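Biologist: Before we look at any details, could you take me through how features of packing are read from a model?

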Amino acid sequence: MRARRDAGAKLLVTYMTGGLTTDWVDYVQVMVEAGADAVEIGLPFSDPMMDGPTIQEASVRALARGATPPAILAALAEREQPVPLVAMTYYNLVFRAGVERFAAGLADAGVTGAIVPDIPLEESGPWERAAAAAGVATVLLAAPVSPDDRLAELCRRSRGFVYGVNLMGVTGERATLAGSAGVLAKRLKQRTDLPVVMGFGISTPAQAAEAAAEADGVVVASALMRAVLDGASVASVGERVA
């Protein structure tokens, strides 16, 4: 991602809920083929507190189909990807497995990053150390209301890239991009050389371009998951990503 950024490209990170459909890995594959610079893999949890209705629905469907972290990771391990895969989940799953075991499971599946948004920064040290030992980058989130000293600490401890949250709220499709997005991107860029990628509410190509004007790239999740939930084919999702 850093190499792509340094070459002048803007980064696109897409998202797929693991286990959502029988062919969910094919959606990951087509996203990569269509140009995604990294793919977030959602490990579904029953109480995804940071996510809005679309990702919640995707998580519920995946869990109803029997999705589990080991099964999702085993499916990913069968198909190597040329871009980073970043697990996105909640700390209850990490805690239940144990930080060392969970981090090792990600690494064994070829997952090189992890976003665990509900660990307070003050309590994430054991996870960060276990992830680093396994070769998994802990990607931290920064909010529009984060004061300067906390932003600096988030940037110092984040690995791989920094995930800027466009707005104070949950994930989901929105008609307009929050005005706080550009402000936060600028603040983060002043404090780190890591790629700064903005997410939450980016639903259209125009919004992606607007958010990427100040940032190094964007995350698009709910807009793609809404398409999958509504029955979009693998090929059509690839066209959306392209």
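Modeller: Let us begin with a term: a nonpolar core is a set of buried Ala, Val, Leu, Ile, Met, Phe, Trp, Tyr and Cys residues joined through side-chain atoms within 4.5 Å, where buried means under 20% relative accessible area, exposed over 50% and partly exposed in between, with a 1.4 Å probe and protein chains only. This is a predicted model, in which local features need pLDDT of at least 70 and side-chain atom pairs count only at pLDDT 80 or more, while totals for chains, interfaces and linings use all residues. Residues are numbered from 1 along each chain as its sequence is written, and side-chain values use heavy atoms, with hydrogens and water left out.

Biologist: How many residues does the largest nonpolar core have, and which of them have the most contacts inside it?

Modeller: In soluble globular proteins, nonpolar side chains tend to be buried together. Here the largest nonpolar core has 74 residues, and Met-16, Trp-24, Met-31, Leu-106, Trp-127 and Met-225 are those with the most contacts inside it. Apart from that core lies another, of 14 residues, which include Leu-151, Cys-155, Leu-194 and Val-196. Contact means heavy atoms within 4.5 Å, and Leu-106, leaving aside its neighbours within four places in sequence, is in contact with Leu-43, Leu-73, Ala-87, Val-111, Ala-114, Trp-127 and Val-136.

Biologist: How should I read a pair of helices, and at what angle do the axes of helix 6 and helix 7 cross?

Modeller: Two packed helices are described by the angle between their axes and the distance between the axes. Helices (H or I, at least four residues) and strands (E, at least two) are DSSP runs numbered from the N terminus; axes are lines fitted to C-alpha atoms, for helices over the stretch in contact, and angles run from 0 to 180 degrees between N-to-C directions. The axes of helix 6 and helix 7 come within 8 Å and cross at roughly 35 degrees. This crossing is right-handed, a term used if the near helix is turned clockwise from the far one by less than a right angle, with left-handed used if anticlockwise.

Biologist: Which residues of helix 6 and helix 7 meet?

Modeller: From helix 6, Val-99, Glu-100, Phe-102, Ala-103, Ala-104, Leu-106 and Ala-107 meet Pro-126, Trp-127, Ala-130, Ala-131 and Ala-134 of helix 7. By class, this contact has eleven nonpolar, no polar and one charged residues, with Ala, Val, Leu, Ile, Met, Phe, Trp, Tyr, Cys and Pro counted as nonpolar, Asp, Glu, Lys and Arg as charged, and the others, Gly among them, as polar.

Biologist: Which residues of helix 7 are buried, and what do they pack against?

Modeller: Gly-125, Trp-127, Glu-128, Ala-130 and Ala-131 are the buried residues of helix 7 (residues 125-134). They pack against helix 5 (91-97), helix 6 (99-108), strand 4 (113-115), strand 5 (137-138) and helix 8 (148-157). Just after helix 7, Gly-135 takes a positive phi of about 85 degrees.

Biologist: Where does Val-116 lie, and which residues does Val-116 touch?

Modeller: Val-116 lies in the loop between strand 4 and helix 7, and at 11% relative accessibility Val-116 counts as buried. Not counting residues up to four places away in sequence, Val-116 touches Thr-89, Tyr-90, Tyr-91, Val-94 and Trp-127. The C-alpha atoms of Val-116 and Thr-89 are separated by 5.4 Å, although these residues are 27 residues apart along the chain.

Biologist: At what angles does helix 11 cross helix 3 and helix 12?

Modeller: The axes of helix 3 (residues 53-64) and helix 11 (residues 222-229) come within 9 Å and cross at roughly 50 degrees. That makes helix 3 oblique to helix 11, since angles under 35 degrees count as roughly parallel, over 145 as roughly antiparallel, 65 to 115 as roughly perpendicular and the rest as oblique. The axes of helix 11 and helix 12 (residues 234-241) come within 10 Å and cross at roughly 160 degrees, which makes helix 11 roughly antiparallel to helix 12. Leu-224, Ala-227 and Val-228 in helix 11 meet Val-237, Arg-240 and Val-241 in helix 12.
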